[in-house]
Amino acid sequence: AMKANGISHTILRVDQTNDRLVGYFHAYILDELKHSNKTYNKMMSLMRQFTDWLINHKKYEISNPFTFVQRRIENRNKTIVSQEEFQALLDAITPENKYHILPSGERKIRYKPWLKQCYRLALETGLRREEFMCLQFSDIVFGENSEPLFLKVENYKVNRIKGGSDISKDVKSIPITKGLMELLEELGLQQYRGTDRFLIGHEETASRNTLIELVSRSFTFYWQRTGINKDVQLKHLRKTYLTALVEHFGDKAPMISDHSGIQILKDHYVNDQRLVAACKDFSVF
C-alpha cells in the first residue's frame, strides 16, 4: 500500500504511521486487492493488535492509529447442506471423474479412494479440516465396557492463539454418534484400535498439509460436478453439523462443540432458516 502511494517502507518509522497511511491501507485493501469485508476486518485487526503489542510489550511510546478504524459489515455465509445434496456429492466422486482441467490446460488429479470417507468424517464430527485429517485411531477414547465414547481432538485454532501446542494443549471431545460409529467401523476400528494410524489417507506419502489442501480443492471440484446451483465449500459441512447440534441440543450445544457460548454458534455457524423450519411441529398447547 505504501509503495503504491510513493512511500518508502525502508525509511518509514513505526511512530510515523498516522491516519493518512491507514487511509492508504484501507483503500488498497478494498480498491486494489478487492478483498471482502471479512478479510478487511481481519487485516485491520492484525495491524491494530501488532501496534498494541509494540505499545504494551515493547514499550514503544506511540499511538495506535488503527484503534478507531470502523469494522465493515460482514455478510456471513451460513449455508448448510441437505442429506440429498451430500449424497449427490458422494455420488460424483468416482475414479472415472478424477481430472480437473485448469484454464492453462494443465490436468490435476482430484480423486482419492478415501475422499468419500473423508467428507463423511467431516460431516459426522463438525471438525475443521486440519483436525479431522490428523485424527488417529489412538484418539478414540473407550469406556469401561470397551465401548467407544468420544474422539479426543487437539483444538489447533485455540492452541495457535495461545502460542502453540507446546505451551497450550487445549483438547476437545467429539461424541461418537451412530453415524460416526458406523464410519469408524468401516475405517477399521477393530483392526487398528489404539494405534497411531490416521483415520484418513494413512498410506499416502504426501504431508498432512498437502492432503489438507487436496481435500479442499477436491471438494470444490466434485461439488461443481453435482450440478447443484449453490455456493458450497468444505467448511459448510462444519456449519451443517453445528446447525444440527443446536437444533437437537439447544443452548447445551456449546458444551459439545467446545464454543464459548450459544451466541457464537448462532452468529457464525447456525443456519437460522433450518432452526425456524424445525419448529413446524411446535404447539403452544
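## Strand pairing and a helix pair in a predicted model

Strand β4 and strand β5 (residues 171-175) pair in the antiparallel sense over 5 bridges, and within this pairing V153 has K172 of β5 as its bridge partner. The structure described here is a predicted model, and every value below should be read with that in mind.

On the β3 side, strand β3 (residues 140-142) pairs with β4 (residues 148-154), again in the antiparallel sense, over 3 bridges. Here F142 has P148 of β4 as its bridge partner. The two strands β3 and β4 form a hairpin with 5 residues between them, and in the turn S146 has a positive phi of about 60°. The two pairings are set out below.

| Strand pair | Sense | Bridges |
|---|---|---|
| β3 and β4 | antiparallel | 3 bridges |
| β4 and β5 | antiparallel | 5 bridges |

As background to reading these strands, in a regular strand the side chains alternate between the two faces of the sheet.

Helix α3 (residues 83-92) packs with helix α4 (residues 115-125) at an angle of about 155°, and their axes are 10 Å apart. Because angles over 145 degrees count as roughly antiparallel, α3 is roughly antiparallel to α4. The crossing of α3 and α4 is right-handed. From α3 the contact draws on F86, L89 and L90, while α4 contributes K116, Y119, R120 and L123. Sorted by class, the contact of α3 with α4 has 5 nonpolar and 2 charged residues, with no polar residues.

Definitions and conventions
Residues are numbered from 1 along each chain as its sequence is written. This is a predicted model: local features need pLDDT of at least 70, side-chain atom pairs count only at pLDDT 80 or more; totals for chains, interfaces and linings use all residues. Side-chain values use heavy atoms; hydrogens and water are left out. Axes are lines fitted to C-alpha atoms, for helices over the stretch in contact, and angles run from 0 to 180 degrees between N-to-C directions. Helices (H or I, at least four residues) and strands (E, at least two) are DSSP runs, numbered from the N terminus. Angles under 35 degrees count as roughly parallel, over 145 as roughly antiparallel, 65 to 115 as roughly perpendicular and the rest as oblique. A crossing is left-handed if the near helix is turned anticlockwise from the far one by less than a right angle, and right-handed if clockwise. Contact means heavy atoms within 4.5 Å. Ala, Val, Leu, Ile, Met, Phe, Trp, Tyr, Cys and Pro count as nonpolar, Asp, Glu, Lys and Arg as charged, and the others, Gly among them, as polar. Two strands pair if DSSP finds at least two bridges between them.
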